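Reader: I'd like to go through the aromatic rings in this one with you. Can we take it question by question?

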Amino acid sequence: MNVWAATLYLVADMKKSNKITLCAICSALSVVFMMLGYFPYLTYAVPAVAGIIVMIPFIEIGMSYAFSSYIVSSVLVLFFAEPETKVLYIVLFGYYPIVKAIIEKIGKQAVEWIIKIAVFNSAVAISYFALKLLTNIDVDDFGPLGKYGAVIFVAVCNIAFVLYDIAISRISFVYIYRFRKKINFFFK
């Protein structure tokens, strides 16, 4: 192997290690942020914000690296995070910013929203059954309204989800136009 080929190999290898390092940093940040789930009243906010961190590898280096970051952070969250927040992160918030970008490539806003809401409601159902297994929570635990309380809760969650989706779009816009230049040195 000549010197030129060896140099090209090292540069390509260095760029790959930089990509892996970015994924590792984002995974670690997500996991550290998920530890805040042990504080009361942060059960839903923590996984939502931790999922936004996985958006960085998606924007910078692509879908496969972003999903790798999500998988690594999900495995670590499985061991260390509070039960309810870990289920919410693994079942929805950890991968949703990536899936959102994929869905938005369809180009028809009505179809996109139908798919997004279907993904969300599927995740809510899976989360409910997972939490029922982990914590023995039941529909009767929604207070005096019982099953109707659960329906009201899901309706409010759908509204919050739409606001979360809009927030992801705005945060990614701010990231791309304000903070991306500060990270791009990493890949040069």
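Reader: How many aromatic pairs does the structure hold?
Author: Keep in mind that this is a predicted model. Rings count as a pair if their centres lie within 6.5 Å. On that basis, the number of aromatic pairs in the structure is eight.

Reader: Take Y70 and Y89: is that pair stacked, edge-to-face or tilted?
Author: Their ring centres sit 6.2 Å apart, with 45° between the planes. Stacked needs planes under 30 degrees apart and edge-to-face over 60. So, with 45° falling in the remaining range, the Y70–Y89 pair is tilted.

Reader: And which helices does that pair link?
Author: Y70 and Y89 are 19 residues apart, so the pair links distant parts of the chain. Y70 counts as buried at 12% relative accessibility, and Y89 is buried too, at 0%. The helices are α4 (residues 63-80) for Y70 and α5 (residues 83-93) for Y89.

Reader: What about F173 and Y177, are they buried or exposed?
Author: These two form a tilted pair, 4.6 Å centre to centre with 50° between the planes. Being four residues apart in helix α8, they are separated by about one helical turn. The cut-off for exposed is over 50%. F173 has 51% and Y177 has 56%, so both count as exposed.

Reader: Which residue lies over the face of W113?
Author: A charge sits over a ring if, among other things, NZ of Lys is within 6 Å of the ring centre. Here the distance from the ring centre of W113 is 4.5 Å. The residue is K116.

Conventions
Residues numbered from 1 in each chain as written. Predicted model: local features only at pLDDT ≥ 70, side-chain atom pairs only at ≥ 80, totals over all residues. Heavy atoms only, no water. Phe/Tyr/Trp six-rings, centres within 6.5 Å; stacked < 30°, edge-to-face > 60°. Helix = DSSP H or I, 4+ residues; strand = E, 2+ residues; numbered from the N terminus. Buried < 20%, exposed > 50% of the residue type's maximum accessible area, 1.4 Å probe, protein only. Lys NZ or Arg CZ within 6 Å of the ring centre and 35° of its normal.
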